[in-house]
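Here is a short briefing on the spaces inside one protein and on the surroundings of its ligand. Please look through the sequence and the structure first, and then read the points below with both in view.

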Amino acid sequence: MTTFTAINLIKRPQSGVIDSSIFDVVEKQIPTIAPGQVLVKQNYMSLDPAMFGWMSSDTNSYIPPVALGDVMRSSGIGEVTVSNHPDFVVGDRVMGMMGWQEYFVSDGEGLNKVTAPLPDESILSVFALPGLTAVQGLFNVGKPKKGETLIVTGAAGSVGSIVGQLAKAEGLRVIGVVGSQEKADWIINELGFDAAINYKTDDLDAQLAAAAPDGIDLFFENTGGPIQHLIFDRINAHGRVVVCGLIADYHNEVPAAGPSWLNIIKRRITVQGFTMPDHFHQVPELLEKLTPYVMAGKIKHRTHLLNGLTSAIDGLNLFSTGANKGKLIVKL
Ligand SMILES: NC(=O)c1ccc[n+]([C@@H]2O[C@H](COP(=O)([O-])OP(=O)(O)OC[C@H]3O[C@@H](n4cnc5c(N)ncnc54)[C@H](OP(=O)(O)O)[C@@H]3O)[C@@H](O)[C@H]2O)c1
């Protein structure tokens with residue numbers, strides 16, 4: 001094979017519409033690599049809600065937007081097929097920001113070898129962004145204590161499901177907010193959450209009261225949406241809010257208004273956002289924290305696999321409908 005497929009972003013999405021009109025699917029020649037470079041065949045590509053932000057024109061964010069005409073940004077896992085780099089040999093399994101393309105040329109910067117004896121899908125679902133985000137957000141930002149009550153939104157998602165299981169392993173009471181009965185059943189019956197609330201049902205405040213009779217100490221926010229205000233009103237004195245994601249707002253021109261700051265004073269609440277690129281230099285220590293929980297069988301996951309590079313385009317919409325069941329990954 002001398003050519004491969006890549007997908008470039010050519011337009012910014014309008015009103016959250018993600019379809020083939022904003023991308024250009026192109027065929028490229030497999031390049032000859034220069035000294036100091038490697039050629040990687042990407043095997044699995046991660047889809048992430050962060051992509052909505054990367055496609056926007058917002059330059060005042062933690063990472064620059066993808067430039068129009070460039071390959072769409074993503075992380076992935078693959079295999080070195082040609083190496084002119086002293087640190088890599090043919091056959092090395094590697095992970096990095098490879099983009100929406102089947103082949104990727106790298107000078108080695110940001111390319112990490114994967115040695116764990118686990119399938120590629122498990123690496124991307126647990127030991128890549130989801131697990132690292134869960135550990136950084138829960139432990140380093142949220143500072144959980146045994147006996148506290150934690151609530152996590154997007155609880156059946158790739159980040160939220162790991163946050164809840166880590167918190168359970170630490171002896172917290174864990175409540176998950178999800179968008180379907182199937183996801184509620186999964187987090188309770190399979191993952192061991194103490195309670196689940198489907199935010200698409202009624203009487204959310206009464207459900208919160210029943211699920212968190214002692215109030216909420218730690219709120220791990222992945223989604224935003226109307227339940228955010230109800231949760232915030234039930235946070236205890238010295239509670240913490242870990243702001244990881246607000247997917248309900250990613251397509252809105254004007255984000256929803258947040259809860260009043262009055263309770264931040266009255267209940268001495270700490271609200272802190274974080275983004276993982278600030279913590280990529282801490283990956284070894286984050287993995288060191290995560291690995292024992294996984295080895296002890298305390299972290300289950302599910303992977304939602306799509307087939308073929310172009311499935312990424314429609315696949316992104318699964319995040320918004322909630323139709324993804326677990327970590328969304330494209331098999332190339
Ligand atoms: N700060 C960071 O560095 C960082 C890193 C990774 C991820 N994140 C953020 O963490 C969040 C979760 O990411 P993920 O990769 O684990 O995705 P995910 O939870 O696997 O998928 C997104 C889920 O969000 C829920 N959702 C969609 N629209 C919603 C709405 N309007 N209101 C409430 N829930 C909605 C859906 O689940 P339901 O069916 O339950 O509605 C959907 O399945 C995202 O906001 C993401 O941007 C942040």
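The lining of the second largest pocket takes at least two residues from each of β11 (216-221), α7 (227-233) and β12 (235-243), where helices (H or I, at least four residues) and strands (E, at least two) are DSSP runs numbered from the N terminus. This is a predicted model, in which local features need pLDDT of at least 70 and side-chain atom pairs count only at pLDDT 80 or more, while totals for chains, interfaces and linings use all residues. Residues are numbered from 1 along each chain as its sequence is written, and side-chain values use heavy atoms, with hydrogens and water left out.

**Pocket and cavity**

- On a 1 Å grid over the protein atoms alone, a pocket is an open set of points with protein on both sides within 12 Å along at least five of seven lines, a cavity is a set where a 1.4 Å probe fits but cannot get out, and lining residues have an atom within 4 Å of a point.
- The second largest pocket has a volume of about 190 Å³, a volume being the space filled by probe spheres set on the points, which are joined across faces, edges and corners.
- Among the residues that line this pocket are F219, F232, W261 and E221, and the lining divides into 9 nonpolar, 2 polar and 1 charged (Ala, Val, Leu, Ile, Met, Phe, Trp, Tyr, Cys and Pro count as nonpolar, Asp, Glu, Lys and Arg as charged, and the others, Gly among them, as polar).
- A search of the whole structure finds 1 cavity of 30 Å³ or more, and the residues lining the largest cavity include S125, S158, W186 and K327.
- By class, the lining of the largest cavity has 1 nonpolar, 5 polar and 2 charged residues.

**Around the ligand**

- Of the 25 residues around the ligand, K183, Y199, N222, Y250 and N324 come nearest, a residue being near if one of its heavy atoms lies within 4 Å.
- Polar side-chain atoms lie 2.9 Å from an oxygen atom of the ligand in S158, 2.5 Å from one in Y199 and 2.7 Å from one in Y250, a polar contact being a pair of N or O atoms within 3.5 Å.
- Taken alone the ligand exposes 910 Å², of which the protein buries 90%, with areas from the Shrake-Rupley method and a 1.4 Å probe.
- Domain 1 (3-115 + 302-331) and domain 2 (129-278 + 288-292) both give residues to the shell around the ligand, so the ligand lies between them; the domain bounds come from an automatic or database domain assignment.

**Backbone**

- Most residues other than glycine have a negative phi.
- K143, in the loop between α3 and β8 (149-153), has a positive phi of about 50° although it is not a glycine.
- D203, in the loop between β10 (195-198) and α6 (204-211), has a positive phi of about 55° and is not a glycine either.

Definitions and conventions. Polar contact = N/O pair within 3.5 Å; in protein donor to acceptor, adjacent residues only side chain to side chain.
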